[in-house]
Amino acid sequence: MDKLEIRVESPAATPAQGPSAEPQPQSQRFTEDSLIRIADWVEDSITDGPGLRFTLFTQGCPHACPGCHNPQTHAVEGGRVVTLGSILDRIRANPLLDGVTLSGGDPFEQAAPLAFLAEKIHELGLNVITYTGYLYERLCAPVGIERGWDKLLDQTDLLVDGKYIARLRDPLLLFRGSSNQRILDMAETRRTGAAVVVEEDRLRSGCFLY
């Protein structure tokens, strides 16, 4: 993954669903004016998934994995607050993008607004990869419905799950930091009802379902 250099700004408003916030009511509706707390973004990444990608680094992570690549993203009050529309504007401005990667931080700490964002990204014909320190099985627990985890899962094409474990680090791994982490094909996972791991050869060949 790209290593992040964060520009820290004092937030001018409170995000629609900030890290570690109370679960959002299912009736809440998001728009491009809704706010989210982010660390930063990289507009042309080739390390966070197949093809040319826009990578969004969300702010706030409860895992605090030792040796984390971007520890600046852990603090829930760090980073800056931006509108979802401002992120979409940057994505729309680059016609060469193959997809968008949601990284962090942990995107599932702000799952509901990110699900809205991912839906808009799909409308642009782009795919969505989401990184998380949670295991897929944990995200599917009943608490996930209260926290909007199910909605972000529904809008994710590839899920990279699991905490980073420094002793399992392998620099030869594709799109992940340690060997315990999985790359899950979410279309097949939803179809079969069980976690389906993507073969690295398939990703290396450029074969990726939108």
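Modeller: In this predicted model, two strands are said to pair if DSSP finds at least two bridges between them.

Biologist: What makes strand β2 and β4 a pair, and in which sense do they run?

Modeller: Strand β2, residues 53–58, and β4 are joined over five bridges in the parallel sense, and because the definition asks for at least two bridges, they count as paired. One of the contributors is arginine 53, whose bridge partner in β4 is glycine 99.

Biologist: How do you know that β4 pairs with strand β5?

Modeller: Four bridges join β4 to strand β5, residues 127–131, and the two run parallel; since at least two bridges are needed, this is a pair as well. Valine 100, for instance, has valine 128 as its bridge partner in β5. Between these strands the chain crosses from β4 through helix α2, residues 111–123, to β5.

Biologist: Why is this β-α-β crossover called right-handed?

Modeller: The term applies because, with the strands pointing away from the viewer, the path from the first strand over the helix to the second runs clockwise, and the crossover from β4 through α2 to β5 is of this right-handed kind.

Biologist: Why is strand β4 called mostly covered?

Modeller: Buried means under 20% relative accessible area, and five of the five residues in β4, residues 99–103, are buried, so the description follows from that cut-off.

Biologist: Which residues of β4 lie on each side?

Modeller: Gly99, Thr101 and Ser103 are on one side, with Val100 and Leu102 on the other, and all are buried, which leaves both faces covered. In a regular strand the side chains alternate between the two faces of the sheet.

Terms used
Residues are numbered from 1 along each chain as its sequence is written. This is a predicted model: local features need pLDDT of at least 70, side-chain atom pairs count only at pLDDT 80 or more; totals for chains, interfaces and linings use all residues. Side-chain values use heavy atoms; hydrogens and water are left out. Buried means under 20% relative accessible area, exposed over 50%, partly exposed in between (1.4 Å probe, protein chains only).
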